Amino acid sequence: MDDPSAPKPFAPEPFAPEPGRADRLAPGLRRVLAPNPSPMTFRGTNSYILGEGEVTVIDPGPASRPHLAALLAALAPGERVSRIIVTHSHLDHSALSRPLAEATGAPVLAFGDSRAGRRADLAALDGLGGGEGVDAGFAPDETLADGARIEGEGWTLTALHTPGHMGNHLCFAWSGLGPDAGALFTGDHVMGWASSMVSPPDGDLGAFMASLDRLAARPEQRLFPAHGAPVPDGPGRIAALAAHRRARAARLLDVLSRGPATPAALARAIYTDTPPALLPAATRNVLAHLIDLADHSLAAPDGPLAAEALWRRV
């Protein structure tokens, strides 16, 4: 999901595919857009069908009967879904995984359940409202460790654990099958249309930045995100996202230097052009930044960590 309050430092390609239509993006790669557009999901969730014959579905999408029917209709005669991969267990990515598994007999693969990879010290924020739609009951049939390899006919996926947007988030390096060999499936971690939302306790900004650094060090150029168009200049986009987060942290420290404030007050001071309906999302991003500043001994809450705690610059 998106941080809808963030500025857009990147001009994405025009993106208006027809929901439910199978669009071929590259040899061995099809995209079916789910019918779930929103301020948080852009046009909807991109479900990818990888391979020919024995295919892999990446991010089956939200609980939608029309989208389930569209994914099944996108298969050529004789094709079979052999596995279902979930980049992370937000409802717009994972909710259709079990119905699709039941329809095809394919196992669901992911890093783990919705608490896998999450920071234990953020448990004090459990139950915090305004989050992103965590799929609390998500349970994969098989887990994918960092570095796990998945092989199809002429192609390979390598799992990259990239926590930050969510603790169980995975990206995948794709090799094989035509000119897009060397691309990355980036889920919600890197998108062209907006920056990702980082929403504690499931999101962690320090981990998000470390995961950006990890992706920046890789050789792949083209990115296939879970929302929006493919990103042709992956390294440039990753650098822009990292710079945006650093600028946001500097702005927060500047505001805190004038006096203590709550995350909600800081969001109102910083996101001055954001519609009121999106301020809760902005507040979540502010809280993520404050936690990261505390990790670096640059800010601290008055008392225990809480959503409405008063924060001070250290």
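I will go through the domains, then their interface, then some salt bridges.

One caution before that: this is a predicted model.

Let's start with the layout. The protein is divided into two parts, domain 1 at 21-233 and domain 2 at 244-313. Their centres, taken over C-alpha atoms, are separated by 29 Å. On the contact itself, domain 1 puts in 20 residues and domain 2 puts in 16 residues.

How much area do domain 1 and domain 2 bury between them? About 1500 Å². Carbon and sulfur atoms account for 66% of that. Now look at the domain 1 side. Which three residues supply more of its buried area against domain 2 than any other three? They are Leu125, Pro200 and Leu205, and they supply 31% of it.

Next, the polar side of the interface. One salt bridge is found across the interface of domain 1 and domain 2. Find Arg119 and Asp295 on your screens: these two form a salt bridge, with their closest N and O atoms 2.8 Å apart. Polar contacts also cross between domain 1 and domain 2, and there the count is five residue pairs. By class, the face of domain 1 that touches domain 2 has eleven nonpolar residues, seven polar and two charged.

Now the salt bridges in general. The structure holds 20 of them. I will take a few.

Go to Arg30. Its side chain meets that of Glu52 in a salt bridge, at 3.8 Å from N to O. The cut-off is 4 Å, so this pair counts. What does the pair tie together? Arg30 sits in strand 2, residues 29-33, while Glu52 sits in the loop between strand 3 (46-50) and strand 4 (54-58), so the bridge joins parts that are 22 residues apart in sequence.

Is Arg30 buried or exposed? Arg30 is buried, at a relative accessible area of 4%. Glu52 is partly exposed, at 41%.

Arg30 has another partner. It forms a salt bridge with Glu79, and here the closest N and O atoms are 3.0 Å apart. This pair links distant parts of the chain: Arg30 in strand 2, and Glu79 in the loop between helix 1 (65-73) and strand 5 (80-85), 49 residues apart. Glu79 has 13% relative accessibility; the limit for buried is under 20%, so Glu79 counts as buried.

Now a local pair. Asp254 and Arg251 meet through their side chains in a salt bridge, 3.2 Å from N to O. Both lie in helix 5, residues 234-256. They are three residues apart, about one turn of the helix. How accessible are they? Asp254 is partly exposed, with a relative accessible area of 33%. Arg251 is also partly exposed, at 32%.

Glu18, Arg21, Asp23 and Arg31 are linked by salt bridges.

One last stop, away from the charges. Where is Ser175? In strand 10, residues 170-176. Look across to Leu157. Ser175 and Leu157 are 18 residues apart in sequence, and their C-alpha atoms are 6.6 Å apart in space.

To recap the interface: about 1500 Å² is buried between domain 1 and domain 2, and one salt bridge crosses it. Arg30, for its part, bridges to Glu52 and to Glu79.

That's my tour. Over to you.

Conventions:
Residues are numbered from 1 along each chain as its sequence is written. This is a predicted model: local features need pLDDT of at least 70, side-chain atom pairs count only at pLDDT 80 or more; totals for chains, interfaces and linings use all residues. Side-chain values use heavy atoms; hydrogens and water are left out. Domain bounds come from an automatic or database domain assignment. Contact means heavy atoms within 4.5 Å. Buried area is the accessible area (1.4 Å probe) that two parts lose on being put together, summed over both. A polar contact is a pair of N or O atoms within 3.5 Å; within protein, one must be able to donate a hydrogen and the other to accept it, and residues adjacent in sequence count only if both atoms are side-chain atoms. Ala, Val, Leu, Ile, Met, Phe, Trp, Tyr, Cys and Pro count as nonpolar, Asp, Glu, Lys and Arg as charged, and the others, Gly among them, as polar. Helices (H or I, at least four residues) and strands (E, at least two) are DSSP runs, numbered from the N terminus. Buried means under 20% relative accessible area, exposed over 50%, partly exposed in between (1.4 Å probe, protein chains only).
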